[in-house]
Amino acid sequence: MRSICHTSKKLVLKAKSTFVESDALVALDNLLQDVSMPWVGVIAYDNTLWGGTVAMPESQVPHFMKKNREIIIKLNNFLVADSRIEIAHLPLGDGVTYCRRLH
């Protein structure tokens, strides 16, 4: 649960975080369907740049990275097209994409 306490000198934000390892789209569906949550939910997806291969021409991608590259590209395209979420992509390591529920 999230609560904000105002004082004349400071703003304190308390937030509950839950870390769950799950199938990527199952976790997103659960977040978007759970209307009982009074706060805006956030999900982070790791490795969304997949060593930079998602931006490379397929002919330059090492063979052992091609299968997962296709999966990551499909996930990225799905996230971009979903109007229920807002995304922020950080190029840290292999890439982290944060998805924030809009409604």
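A search of the whole structure finds 3 salt bridges, a salt bridge being a side-chain nitrogen of Lys or Arg within 4 Å of a carboxyl oxygen of Asp or Glu. The model is predicted, so local features need pLDDT of at least 70 and side-chain atom pairs count only at pLDDT 80 or more, while totals for chains, interfaces and linings use all residues. Residues are numbered from 1 along each chain as its sequence is written, and side-chain values use heavy atoms, with hydrogens and water left out.

**First stop: Arg69 and Glu70**

Select Arg69 and Glu70, whose side chains meet in a salt bridge at 3.0 Å, N to O. Arg69 is buried, at 7% relative accessible area, whereas Glu70 is partly exposed, at 33%. Here, buried means under 20% relative accessible area, exposed means over 50%, and partly exposed lies in between (1.4 Å probe, protein chains only).

**Second stop: Asp82 and Arg84**

Next, select Asp82 and Arg84. A salt bridge joins their side chains, with an N to O distance of 2.7 Å. Arg84 counts as partly exposed, at 34%.

Now select Glu86 and Arg100, which form a salt bridge of 2.7 Å, N to O. This pair links distant parts of the chain: Glu86 belongs to strand β4 (residues 85–90) and Arg100 to strand β5 (residues 96–101), and the two are 14 residues apart. Strands are DSSP runs of E with at least two residues, helices are runs of H or I with at least four, and both are numbered from the N terminus. Glu86 is partly exposed at 42% relative accessible area, and Arg100 is also partly exposed, at 35%.

Select Leu28, Leu31, Leu32, Ile43, Tyr45, Leu75, Leu79, Ile85 and Cys99, the 9 residues of the largest nonpolar core. Such a core is a set of buried Ala, Val, Leu, Ile, Met, Phe, Trp, Tyr and Cys residues joined through side-chain atoms within 4.5 Å. Colour α1 (24–33), β3 (42–46) and α2 (66–81), the elements that each give two or more residues to this core. The largest share, 3 residues, comes from α1.

**Last stop: Tyr45**

Finally, centre the view on Tyr45, one of the core residues. Tyr45 lies in strand β3 and is buried, with a relative accessible area of 7%. Which distance separates Tyr45 and Thr97 in space, C-alpha to C-alpha? The two are 5.1 Å apart, although 52 residues separate them in sequence.
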